[in-house]
Amino acid sequence: MKDIRKTHLGIVSGLLRYTTEYFHANGFTQLMPVILSPVTDPLGPDPGSTVIKTGEVEYLGQRLSLTQSMILHKQIAIREGIEKLFIISPNVRLEHPKRKETGKHLFEFSQVDFEIAYGTKDDVFKLMESFVSGAVSHMKIHHAEELESLDRRLPLIGGPFKRYTTHELKDKYGDDWEMIASKETTQPFWVLDHSREFYDKEDPDKPGHYINYDMIYPEGFCEGLSGAEREHEYDIIIKKIEKHGLDKTRYGPYLDLAKTGLTPSAGGGFGVERLARYITGAKHIGDVQLFRRVPGEPVVV
Ligand code: ASN
């Protein structure tokens, strides 16, 4: 194996260890992932998405989807009474081959998905600002030689991160706001108010605005986390599913539970490989995977 590949994998391993310890130390229960389920994240509507189709398996007469994210399962777990949870979960998103060029897309990756019962966006911001700042300093101390061999001079970071809205960044930088704003800074930042999936909460005081957020890595590494405060009221969820033109029958088991009451929560998820790419400075995200899953590249093993 090439030395550089080994170095990347050593850093991924260090990040997994740091992540697991961080969430445990903060009182989160680690859950096992599910890979097949009748319900999964619709990942939209999102005009920017290039997911071609949802992976599906027919098994004993049931149509099961491959997990695109565990968001709906997180809401169900919170409803079951688990107050703070996280999962390192394989996500399959069958992206268009043109995504190979972005350097940040994979069609199979691992997401650290977490959720906090009765949490707010500020709880998530605090948790993640301390997580990312801690990850950077941890890696600089404990993986100094590897970072040196990659010639990665990783700037230290600290919270609180700046907060913007999608609207102000679009007005300032145009449609390519994410890349331009990311390249202009050495510090991660938050971008609030994205019009997207039904499970992200619409601001009751400002219809058409959303209490959701992305965390953007600096230096051109772009989006690393997305999350939100959640819709938990059945009537609102149904209205949004209808408005988005989604097939209600695909969400049957989730909706049955929502009808009997979901618990308010907030959370988010970040890709392990995107975090590793930012830490290592890898040119392409596929370089931090041992078994590459890059859209448009044949799968070797
Ligand atoms: N994990 C994200 C969340 O918690 C959802 C996603 O990955 N699409 O909101």
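Predicted model: local features only at pLDDT ≥ 70, side-chain atom pairs only at ≥ 80, totals over all residues.
UniProt positions are given in the numbering used here, and its annotations may be inferred rather than shown by experiment.

View 1. An unreviewed UniProt entry lists residues 70-295 as "domain: Aminoacyl-transfer RNA synthetases class-II family profile".

**View 2. The largest nonpolar core, with 45 residues.** Here are the residues with the most contacts inside this core: Phe23, Phe114, Met128 and Ile279. At least two core residues come from each of α1 (3-25), β8 (108-117), α3 (121-142), β10 (189-192), β11 (212-217), β13 (265-271) and α9 (272-280). Helix α3 gives the largest share, nine residues. Zoom in on Phe23 and, beyond residues up to four places away in sequence, you will find that Phe23 touches Phe28, Phe86, Val112, Phe114, Leu127, Met128, Phe131 and Phe270. Another core, of 14 residues, lies apart from the largest one and includes Ile76, Ile241, Tyr251 and Tyr254.

**View 3. Ala135, a residue of helix α3.** Ala135 counts as buried because its relative accessible area is 0%, where the cut-off for buried is under 20%. Leaving aside neighbours within four places in sequence, Ala135 is in contact with Leu15 and Tyr18. Pro97 is 38 residues from Ala135 along the chain, and 32 Å separates their C-alpha atoms.

**View 4. A nonpolar patch on the surface.** Met1, Leu290, Phe291, Val300 and Val301 form this patch, and together they have about 570 Å² of accessible area. Val301 sits in the segment after α9. With 62% relative accessibility, Val301 counts as exposed, since the cut-off for that label is over 50%.

View 5. The whole structure holds 23 salt bridges. One of them pairs the side chains of Lys74 and Asp113, at 2.7 Å from N to O. This pair links distant parts of the chain, with Lys74 in helix α2 (residues 71-79) and Asp113 in strand β8, 39 residues apart.

**View 6. Arg196 and its salt-bridge partners Asp200 and Asp214.** The side chains of Arg196 and Asp200 meet at 2.9 Å, N to O, while the closest N and O atoms of Arg196 and Asp214 are 2.8 Å apart. Arg196 lies in the loop between β10 and β11 and Asp214 in strand β11, so their bridge ties together parts 18 residues apart in sequence. Through shared partners, salt bridges join Lys74, Asp113, Glu115, Arg196, Asp200, Asp214 and Arg230 into one network.

Definitions and conventions
Residues numbered from 1 in each chain as written. Heavy atoms only, no water. Core = buried A, V, L, I, M, F, W, Y, C linked by side-chain atoms within 4.5 Å. Buried < 20%, exposed > 50% of the residue type's maximum accessible area, 1.4 Å probe, protein only. Helix = DSSP H or I, 4+ residues; strand = E, 2+ residues; numbered from the N terminus. Contact = heavy atoms within 4.5 Å. Patch = residues over 30% accessible without salt bridge, like charges linked within 9 Å, V, L, I, M, F, W, Y side chains within 5 Å. Areas by Shrake-Rupley, 256 points an atom, 1.4 Å probe, with all protein chains shown as cover. Salt bridge = Lys/Arg side-chain N within 4 Å of Asp/Glu carboxyl O.
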